Amino acid sequence: MSSLAPPIHDDDLYEVIGGKRVLLSKKSAYCALIAGQLAYHVGNFADSKQAGRIAIKGLFHLTSNCDRRPDVAFVSYGRWLSTRSVPRTDDAWNVVPNLAAEVISPRDSAEGVEQKISEYFKAGVEIVWVVHPSQNKIHVYDSPTQIQVLTISDVLDGRPALPGFRLPLVELFAEPSEDKGS
């Protein structure tokens with residue numbers, strides 16, 4: 001008896017690894033919230049500086065047989081001119097983002113994340129953020145082997161992809177306070 005991968009439907013999120021489509025696992029609501037918050041902060045900064053564009057779960061063409069879908073990506077206007085339209089097809093965006101962020105959920109394997117980080121840098125991504133919501137930490141990769149671990153008391157810095165971007169992690173991982181006035 002052979003085990004078959006589940007079929008991929010048009011509305012499923014997938015990546016292309018080794019020339020084959022691979023279905024992505026679902027993210028928890030909290031992971032999706034953190035990815036949205038990160039995109040919000042990076043996007044506002046990029047807009048204010050007219051620095052580039054943000055993509056959430058966008059598919060990027062990295063190499064001839066590898067398309068990846070970071071949870072959050074930043075593409076500078078140096079890599080994709082502001083006057084150039086972003087493709088409106090379902091095909092992968094044929095640009096390498098400057099920044100790729102992966103928000104780790106319990107279903108993500110360490111091996112799979114390490115593979116993505118390696119592929120991002122081989123393709124030309126400048127910096128990779130691996131967000132660990134369950135630990136309130138971000139691993140900042142300047143290369144596949146140069147890592148800085150930030151905790152909730154630290155500030156995330158956007159260099160080299162987004163010079164001047166700074167986000168206190170306490171803001172990213174803030175939990176809502178209970179309304180005691182009700």
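**Group meeting: a walk through one predicted chain**

Let me start with one residue. Lys137 has a relative accessible area of 28%, so Lys137 counts as partly exposed. Here buried means under 20% relative accessible area, exposed over 50%, and partly exposed in between, with a 1.4 Å probe and protein chains only. This is a predicted model: local features need pLDDT of at least 70, side-chain atom pairs count only at pLDDT 80 or more, and totals for chains, interfaces and linings use all residues. Residues are numbered from 1 along each chain as its sequence is written, and side-chain values use heavy atoms, with hydrogens and water left out.

Back to Lys137. This residue is in strand S9. What does Lys137 touch, leaving aside residues up to four places away in sequence? The list is Val130, Val131, His132, Val149, Leu150, Thr151 and Phe173. Contact means heavy atoms within 4.5 Å. Asp154 is 17 residues from Lys137 in sequence, and their C-alpha atoms are 9.1 Å apart.

Now the whole chain. The secondary structure comes to 3 helices and 12 strands. Helices (H or I, at least four residues) and strands (E, at least two) are DSSP runs, numbered from the N terminus. The chain has 182 residues, and 42% of them count as buried. Take the contacts with a separation of 6 or more: 55% of them join residues 24 or more positions apart. The chain exposes about 10,600 Å², and carbon and sulfur atoms supply 50% of that. Those areas come from the Shrake-Rupley method with a 1.4 Å probe; for residues, only the protein chains shown count as cover.

Next, the inside. A nonpolar core is a set of buried Ala, Val, Leu, Ile, Met, Phe, Trp, Tyr and Cys residues joined through side-chain atoms within 4.5 Å. The largest one holds 27 residues; Leu38, Trp129, Ile138, Leu156, Phe165 and Leu172 touch the most other members. Two or more residues each come from H1, S6, S7, strand S8 (127-132), strand S9 (137-141) and helix H3 (169-172). H1 gives the largest share, 8 residues. There is also a second, separate core of 20 residues, with Val95, Val125, Val128 and Tyr141 among them.

On to the rings. Rings of Phe, Tyr and Trp (its six-membered ring) pair if their centres lie within 6.5 Å; planes under 30 degrees apart count as stacked, over 60 as edge-to-face and the rest as tilted. That rule gives 4 aromatic pairs. One of them is Phe45 with Phe165, edge-to-face, 5.6 Å centre to centre and 75 degrees between the planes. Why does this pair tie together parts 120 residues apart in sequence? Because Phe45 lies in helix H1 (residues 29-49), while Phe165 lies in the loop between strand S11 (155-157) and strand S12 (166-168). Both Phe45 and Phe165 are buried. Another edge-to-face pair is Trp80 with Trp93, at 5.4 Å and 85 degrees. Trp80 counts as buried at 6% relative accessibility, and Trp93 does at 9%. Phe45, Trp129 and Phe165 form one aromatic cluster.

Last stop, helix H2. Its 14 residues, 110-123, should span 20 Å at 1.5 Å a residue, and the end C-alpha atoms are 20 Å apart, which agrees. The expected span is 1.5 Å times one less than the number of residues. Which H2 residues are buried? They are Val113, Lys116, Ile117, Glu119, Tyr120 and Phe121. After H2 comes Gly124, with a positive phi near 115 degrees.
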